[in-house]
Every structure is written in C-alpha cells, then in structure tokens.
Amino acid sequence: MIDGYIPVDGVYAGWLIDLGAAGATAGSDENASDDNSGSGNAWGIDTARILMGAGDDSVSIAVTASTGEADGIYALAEDPDRPTVLDLGEGNNILSISAASADGYANGIAFAAVSAGAGADDVSISAHGSGQTIGAIYSSIRPGAGSDTLFISAEEEADGDLALGLFDSRVELASAAGDATRITISTTANGEWAEAAAIAGQAGSSIVTGAGNDALVLSAVGENSGFAFGTTTFAVSSSPLV
C-alpha cells in the first residue's frame, strides 16, 4: 500500500516504482492508491514507470481539479515514444482510473501505456470534465490474455465541446480461445451543441481483438441538441497539456 503524503502531481518526474520482485508468484497481492485533488492542473501519475509484478493487484488513481485540467495518467514529455508506463503484470488485476475537473478539460489517460499479463483483469478508465473530455488520448491499452473487462467513459458538461472515448489510441487484446473479454466505451455530451463519439482520432484509433469470444459495446449520447457518433474523425482543441 502506498500511503502518506503525495503532492498534487502524484507520482511524477520520471519516478520508477517497482512493486514486484523477480521471483514474485501469482499468489502475492499488492495494492496501490493515489487520490489527489488540486485547484490548478492535477495529475495522478506524471512521466513515470510503475511495475506491479505478478499477483492479484489493485490500483486506484483518482484525480480531481476544481479549476484547470485533470489527468489520471499523463506523460509530461508529450512523446509517444516515451509514455508513462503502468504494467500490472500477471494475475487477476483491478485498475480504476478517474479524472474529473469542475472547470476544465479532463483526460482519463494521456500519453500512456497501460498493460497487464495473463489473468482476468478489470480495467476502468473514466473522465468527467467541463470542457473537452477524453477517456484515452495518445495512449495504448493492452490487457493481456484472459477474460478481461475494459470500461472507458467520458462525460462533458460544456457547451459546444467534445466527449470522446478513444482518441488516436489503441486497444489490443491477447485473448485466447475460451476467453471472454468485454470492451465498453461510453460517452455523453451534456453541453448544448456538444458532440460525443466513442472512437475518434486524426491519425486514427484502433481496437484489436484476440481469438476469444470478445464483445465490443460502443455508446455515444448527445444531449441538448448535441451530436453523437459511434466512430468519427475529430480535431481536438489545444490545452495547456494536450
């Protein structure tokens, strides 16, 4: 358990946290949590590598910003070749990431690589913002072999803005025969004339399923004269971080 004082930026600036020894077995358990809030830009993990190792791990990252941008996982380098890395390792892992901003953009993960080894993983990534809100942007998610569950959601509250599930990101499953993996991507645009899309991008987003019995559910809702798309191409607005 990671406990004690953690600044608003959470884990940042090239930190390496390795919670798995080379000889760790799948029967070991590890838990990590990071619950941060701030009045400016807030990040849960920023430009870091976290290696959980083998075992049934549980990781919770919750970020809240009253003003400014909120990012659950972010890489300050803004370099696709140098993303923030979170590797859950083998085991039946649980990962929960949430980012919320009452008066700004919100991203669940940005410039990040999230992966896991064999096992039944449960991954949830959510973003709720008052402006452009994206579940996963410029990121990759690879749950690994096993009957996994992946849930990504984005909900925005600003007029004329965007709620996107995936933007220029890749989800890649490694499910084998007999596995049953379910992917759900849900977006809601509550602002007037706002737009929601489950999958979007300029370079393009992709979802690669494995050999198992996989299910993909896409949901997009545009409230208040808004628009909704299952898949589309969008140009995202610039922000201090994206």
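Student: With which residue does Arg-170 form a salt bridge?
Tutor: The model is a predicted one, and a search of the whole structure finds two salt bridges. Arg-170 is partly exposed, at 32% relative accessibility. In its salt bridge the closest N and O atoms are 3.2 Å apart, and the partner is Glu-172.

Student: Which residues make up the covered face of strand S16?
Tutor: In a regular strand the side chains alternate between the two faces of the sheet. Strand S16 covers residues 170-173, and its uncovered face holds Arg-170 and Glu-172. The covered face is made up of Val-171 and Leu-173.

Student: Which residue stands opposite Val-171?
Tutor: Strand S16 pairs with S13 in the parallel sense, over three bridges. Val-171 belongs to the covered face of S16. The residue opposite Val-171 is Ile-141.

Student: Which residue in S19 is the bridge partner of Glu-172?
Tutor: Strand S19 takes in residues 206-208. S16 and S19 run parallel and are joined by three bridges. The bridge partner of Glu-172 in S19 is Val-208.

Student: Which are the edge strands of the open sheet of seven strands?
Tutor: The order in this sheet is S3-S6-S9-S12-S15-S18-S21, with parallel pairing. Neighbouring strands are turned by 5° against each other on average, direction ignored. An edge strand pairs on one side only, and this holds for strand S3 (42-46) and strand S21 (227-231).

Student: What is the bridge partner of Thr-133 in S15?
Tutor: Strand S12 covers residues 133-137, and S15 covers residues 162-167. The two run parallel and are joined by four bridges. In S15, Thr-133 has as its bridge partner Ala-163.

Student: Is Ile-73 buried or exposed?
Tutor: Ile-73 lies in strand S6 (residues 70-74). Beyond four places in sequence it touches residues including Ile-45, Leu-86, Ile-97 and Ile-109. Its relative accessibility is 1%, and the cut-off for burial is under 20%, so Ile-73 counts as buried.

Student: Which residues touch the most other members of the largest nonpolar core?
Tutor: This core has 33 residues, and its largest share, four residues, comes from strand S5 (residues 56-65). Ile-109 is in contact with Ile-73, Ile-97 and Ile-141, among others. The residues touching the most other members are Ile-73, Leu-95, Ile-109 and Ile-141.

Student: How many residues are in the other core, which lies apart from the largest one?
Tutor: The members of this other core include Trp-43, Phe-111, Leu-162 and Ala-200. Its residue count is eleven.

Student: How far is the backbone nitrogen of Ala-48 from a polar atom of the side chain of Thr-84?
Tutor: Thr-84 is found in strand S7 (residues 84-87). With a relative accessible area of 1%, Thr-84 is buried. The distance from its side-chain polar atom to the backbone nitrogen of Ala-48 is 3.3 Å.

Student: What is the phi of Tyr-138?
Tutor: Tyr-138 is in the loop between S12 and strand S13 (140-144). Its relative accessible area is 27%, so Tyr-138 is partly exposed. Phi is positive here in a residue other than glycine, with a value near 50°.

Student: What is the phi of Trp-193?
Tutor: Trp-193 has its place in the loop between strand S17 (182-189) and strand S18 (195-200). It is not a glycine, although its phi is positive, at about 60°.

Note on methods
Residues numbered from 1 in each chain as written. Predicted model: local features only at pLDDT ≥ 70, side-chain atom pairs only at ≥ 80, totals over all residues. Heavy atoms only, no water. Pairing = 2+ DSSP bridges. Axes fitted to C-alpha atoms, helices over the stretch in contact; angles between N-to-C directions. Buried < 20%, exposed > 50% of the residue type's maximum accessible area, 1.4 Å probe, protein only. Polar contact = N/O pair within 3.5 Å; in protein donor to acceptor, adjacent residues only side chain to side chain. Contact = heavy atoms within 4.5 Å. Salt bridge = Lys/Arg side-chain N within 4 Å of Asp/Glu carboxyl O. Core = buried A, V, L, I, M, F, W, Y, C linked by side-chain atoms within 4.5 Å.
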